[in-house]
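User: Please take a close look at the aromatic pairs in this model, and then at the strand that the rest of the structure encloses.

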Amino acid sequence: MKILIKNGHVVDPVTKTDAVKDVLIVDSKIERVADEIAAKGDEEVIDAKGLILAPGLMDAHVHFRDPGFTAKEDIHTGAKAAAKGGVTRVVMMANTNPHIDNFDTLKYVLDKGRETGIKVLTCANVTMGMKGKEIVDMEGLADAGAAGFTDDGVPIMDEKILYEALIRAKKLNLPVALHEEDPMFVKQAGVNMGKVSEKLGYGGSSRSAEDIMVARDCVLALDTGAPLCIQHISSKNSVEIVRTFKKLGADIHAEATPHHFTLTEDAVLKYGTNARMNPPVRTEEDRQKVIEGIVDGTIDMIVTDHAPHTKEEKSKPMAQAPSGITGLETSLALGIKSLVQPGHISLMKLIELMSTNPALFYRLKPSSIKEGADADLVIFGENEEWTVKEEEFASKASNSPFIDWVLPGKIHYTICDGKAVYKA
């Protein structure tokens, strides 16, 4: 099986290539990259003239709801949504039912992931049942294929438990990713505690809920030397805390989501429960500080926190509706719209944040457009506009505040292991 991609503008942070190239794929590998490769007639030819050819994206924070909540999403539909978004590799979170705190559930997820067209990895939990009381068999789960450890969805409140888990993670050389919200400072989840929550008569979630946990866990990361990720960072103060501890030498990293660098708390007034998320979108000052963190490298990964829910669930009143939005199919586009087009970062930097850095954090070889590499690629029009349509989501869910937005970055092809897993 051969695919010849002609005239694509290669943007690859690994090889630092920023030039028009031809790329020949044979079976699952990139066989040749050159200024010009002549077609021989036995390959599928894709003319990528005027389009960007980049390494496949990696989303290191997705919820595929499988097992246990498959009315929202399952591994197959989640993988289709990823492919439509240019994503060839994902890391699932472990708040499924049953939780990924045992070998059987881990095996189920990894086996089912192999049936999809993309590469599905998963974290295991840090604690049994995400209850924060007993650490899982980290060593055994690591041997069985867990990519890292997280109790995403809830914070780990017992610092003794977390400290021990970080020591073990350091020995395993596997990362821990943390959801940072102290419930003491959350009156009602999903909406920033401020002018909008006051207008709605809704308690809201203070940025202090995030700041306190981030400060504590940065200290623990510095002390243990463990690789630690602050998930979906939203607070201006937390960005500064992470910046400080990076300077102190902690192996600490931070994620930002497209909704946190694109929206503010005012989105809740316009989009209702489709803008309810944990942590919430906050003020314009917070949004700008998140962008500053991306620009200076304090925040080194862009992820979606893809959190599908049914329409019925999201139709409930704010206090009863679940938090989270579906994000895989709009993430690249929002990165271009909110970060590249305003001049905050280059497209090369965006691909680094959405492909290279997440792979490095999870101890994986980053996707790259070079000879011998896995043929994991995305082809898109950087400034080519498209409209987000509710009925066109590949995900089971359409809980997005970005429906009907006109966005740049139309994706034409996603190729994983030499096979086109999405074609516009």
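Analyst: Rings of Phe, Tyr and Trp, the last taken by its six-membered ring, pair if their centres lie within 6.5 Å, and planes over 60 degrees apart count as edge-to-face. This is a predicted model, and a search of the whole structure finds two aromatic pairs in it. One of them joins Phe361 and Tyr362, an edge-to-face pair with 5.1 Å from centre to centre and 90° between the planes; both Phe361 and Tyr362 are buried. The other brings together Phe402 and Trp405, whose ring centres are 4.8 Å apart and whose planes stand at 85°, so this pair is edge-to-face as well. Phe402 is buried, with a relative accessible area of 1%, and Trp405, at 19%, is also buried, because the term applies under 20% relative accessible area.

Turning to the strand, β14 covers residues 377-381, and five of its five residues are buried, so the rest of the structure largely encloses β14. In a regular strand the side chains alternate between the two faces of the sheet. In β14, Leu377, Ile379 and Gly381 point one way, while Val378 and Phe380 point the other way, and all are buried.

The pairing of β14 involves strand β5 (residues 52-55), which is antiparallel to β14 over four bridges, and strand β17 (residues 410-416), which runs antiparallel to β14 and is joined to β14 by five bridges. Ile379 takes part in both pairings, as the bridge partner of Leu53 and, on the β17 side, with Tyr413 as its bridge partner.

How values were computed
Residues numbered from 1 in each chain as written. Predicted model: local features only at pLDDT ≥ 70, side-chain atom pairs only at ≥ 80, totals over all residues. Heavy atoms only, no water. Buried < 20%, exposed > 50% of the residue type's maximum accessible area, 1.4 Å probe, protein only. Helix = DSSP H or I, 4+ residues; strand = E, 2+ residues; numbered from the N terminus. Pairing = 2+ DSSP bridges. Phe/Tyr/Trp six-rings, centres within 6.5 Å; stacked < 30°, edge-to-face > 60°.
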